[in-house]
Amino acid sequence: MATDLKSTVYLPRTDFPMKAGLAKREPELLQRWAKLDLYKRLREQSKGAEKFILHDGPPYANGNLHIGHALNKILKDVVVRSQQMTGKDANYVPGWDCHGLPVEWKIEEKYRAKKQDKDQVPVTEFRQECRDFAAHWIDIQREEFKRLGVIGDWDNPYTTMTFAAEAQIVRELGKFIMNGMLYRGAKPVMWSVVEKTALAEAEVEYHDHTSNTIWVKFSVTAASRPEFEDASVVIWTTTPWTIPGNRAIAFNEDADYVCLEITGTEEDAAAKAGERIIVAGPLADQVKADCGITVAQEIARFKGADLAGTLCAHPFRGQGYEFDVPLLAADFVEMETGTGFVHVAPGHGADDWELGIANGITVPETVGGDGLYFGHVPLFAGIHVFKADMAVIEALEDANALLAKGKISHSYPHSWRSKAPLIYRNTPQWFISMETGDLRKTALAAIEATAFYPASGRTRLRGMIETRPDWCVSRQRAWGVPITVFVDKKSGEPLRDEAVLARITDAIEAEGADAWFTSKPERFLGPGRDPDDFEQVSDILDVWFDSGSTHSFVLEQRDDLQWPASMYLEGSDQHRGWFHSSLLESCGTRGRAPYDAVLTHGFVLDEKGDKMSKSGGNSLSPQDVIAQNGADILRLWVVGTDYTEEPRFGPETIKQQTDSYRRLRNTLRFLLGNLAGFDEAEKLPEGEMPELERWVLHRLHTMGAMIRSAGGRFDYHQIFIELHNFCTLELSAFYLDIRKDTLYCDRADSSLRRAARTTLDHIFNCLVRWLAPILCFTAEEAWLARHPGEETSVHLQQFPELPAAWSDPALAEKWEKIRKVRRVVTGALERERAEKRIGSSLEAHPKVYLEGELKSVMAGIDAAEIFITSGATLEAGTAPADAFTLDDVPGVGVANGRADGEKCVRCYRILPEVPAHADDGICGRCTDAVANFPAAAE
Ligand SMILES: [Zn+2]
């Protein structure tokens, strides 16, 4: 083609590059937003609008971000940006959780490395080190979160360790002191002897653990039936070290039990002929096998209820264990394993404790916080429980009470931090009662009033609240908010005095929580009270109480937010963590949940479906992906996976997302390139547009409705899928492909080209906004390519309100049929190309046979334009047998033919009108376009 002719083709022109270069481009856009003060502008712009408050669940400030953080924060950002673009004021205030074991543990590790004893460091010095450590990581994580594109009040985030927050947490605790829901009880709690503290459910992990098992005989000393005299009740346990704490034996009232007289045993069995033992009937054979009993005679068979009133001796009777061991009915005794009798140590199990309390048994304190038996425990004083099993087993053998021993591998609770096995230990702890003040009932009602996404979250949280024990809020640690309680030594009750609480919170507001540890009690107790009459509690609060109170010092106290939150959004583990503690805290103090809705996402797995772990070598970090591919790829990954399940993450996933990204980017680039120079004057009203353009407008209208409805369900995965399909299948492979010819070759003022460019403008205006919450960087880059300016940003726009007149379902139905016909033609042309009969589709002139209504559907349609061929003939009726067909599109057959004429060197169409034997022959349309090319404007 002659050079001058080539210059008359309207090829796309844009500065929006094909290659994204996100790793370099994104930091520039972040700077731009900082300069623009985008966050502040959004607040000003949406002042007075309905608020949507996503309250940030605070991450721990103790390390670099991992992929789970990235998923969580990006998803939050997509929610916040989407809500903002629907016209709300979606103000996001990020926060951090600063107190608690994870930080304290790091400081202790440092001490251990330096061979320093933590207990020798003054508590305020230790707390300061914890504070500095948390502050250091807040700064690092803040930059990492910002780099993900997350928009929020990063200059004024909340933390749980500001003096104001600490004071408010104490105020919240004060409400539980005043309303009587906080009490001190002695109760077995999950205890880590390594960290020397009670642990919350959320701090417990279950791992396989090999335990010693023992079958122990308890001699009957008072029989409820004569057959039991001289017999022994046999218990089975996996925790031999709890035998010194034994105070009772539990049985199942409704189960069958038998009294057996042993008549034959294996050679090495501890059991002896002539002994009588009592076990559950359904488990008798198993017990016999386990204990090497070969023959036994059933003396009696009876119901568990008949055992009531029976007393046994502790196996160590005569050695300081002189108390009676009663047999008690309990509903937790099952007939699955063991002997049908459960050894009850009320200091070492929740069920045991309740049974003991219900039957008036004094709960013994046997084991100290360091894991050693107390000095008052006969036979075992000073032994560590982790090493006590053998000592107990030997003592049982010496007492002739051991019937058998073995080992079992089972799931056992461990500390999530030190990974050490946990024990149940009876300690004085502070609890928030689930029953005083009807906390359980209030919380269950609050769950019903909350929206859950996905809905299964409701069942999960309800199940936990229904069965949970009282909330143990005390920890024997240093880095946290103190339990600011004075206990009246005479009554044992917490001092309930608003004036005292006010003095405490005033001091903490001014000096931080350290004030509790450094001040003399007189300062708080005030005149007229003798400090010697009170015990000042030195425990700190469960860190879940801190984060469970964030709603009070963030949502309630900031003028730019509101209480309750519109939404809490976290990983599904927070049903027993933050969702849970916030619910209880708020229900106990305010009678309802601090949120209207809860959204959960799953845990990120690697591409094989395994847990992400640093040691496993499968952890591609978010920082790696950002440096290589850009944050927008991560953001696309978040919505590109079903985040309610367990999203997969790894190099292959990133590659797929990069491909998806490229398709979206290319669509934007095509639109931008073909909108070069487009202005208002060129716009065509939709009434003057061809059907194809009106079909696109209809599709935009349906997409807009979908984005609103799926966005209302926070289903961004669906939005991603539909947007992606719209761009690739309907725009790139159909509409834009068809209109390339018009856009490139028609004269600038042709109404068809104007209609197409107007439609491109509409598409761009919609797409760039719809993509903005997801691809926040790329959408901004595209926006600026079309709307350059210092003061503008796509993030200051709202989702478009599309005219109802664009909706045309009848037209859409018709064009669905046309697209089906086109699919058959495209298939036929692909075959022609594969068999080298044609090069481009413009060399073809297919003959299309249409049955039934399809001929009338195609009436008035420029078929060649739709097929991207130089000509097309439509025939009513059945296609010849050799025509091309597709099984799923009945009634359409295509016979191929070549286009007649010469090739126009400008538009490549083959038309009879193009002069033959001319090197620069062009068609009539092109002649007209060249003649009217706006040379002056160039
Ligand atoms: Zn032409």
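## Exercises on a predicted model

P564 lies in the loop between α17 (550-556) and β23 (567-571); helices (H or I, at least four residues) and strands (E, at least two) are DSSP runs, numbered from the N terminus. The model is predicted: local features need pLDDT of at least 70, side-chain atom pairs count only at pLDDT 80 or more, and totals for chains, interfaces and linings use all residues. Residues are numbered from 1 along each chain as its sequence is written, and side-chain values use heavy atoms, with hydrogens and water left out.

**Exercise 1.** Find which residue is joined to P564 by a cis peptide bond, and then which one is joined to P454 in that way.

*Solution.* Start with P564: its cis partner is W563, and omega is about -5°. Next, P454 has a cis bond to Y453, with omega about -5°. P454 sits in the loop between β17 (451-453) and α12 (456-467). For background, most peptide bonds are trans.

**Exercise 2.** Describe how helix α20 (residues 631-640) and helix α21 (residues 651-674) cross.

*Solution.* Axes are lines fitted to C-alpha atoms, for helices over the stretch in contact, and angles run from 0 to 180 degrees between N-to-C directions. The two axes come within 9 Å and cross at roughly 100°. That makes α20 roughly perpendicular to α21, since 65 to 115 degrees counts as roughly perpendicular, under 35 as roughly parallel, over 145 as roughly antiparallel and the rest as oblique. Contact means heavy atoms within 4.5 Å; residues taking part include W637 of α20 and Y661 of α21.

**Exercise 3.** Decide whether C259 is buried or exposed, and how far away the nearest cysteine sulfur is.

*Solution.* A disulfide needs two cysteine sulfur atoms within 2.5 Å. By this rule there are zero disulfides. For C259, the nearest cysteine sulfur belongs to C312, 12 Å away. C259 is buried because its relative accessibility is 0%.

Key: Buried means under 20% relative accessible area, exposed over 50%, partly exposed in between (1.4 Å probe, protein chains only).
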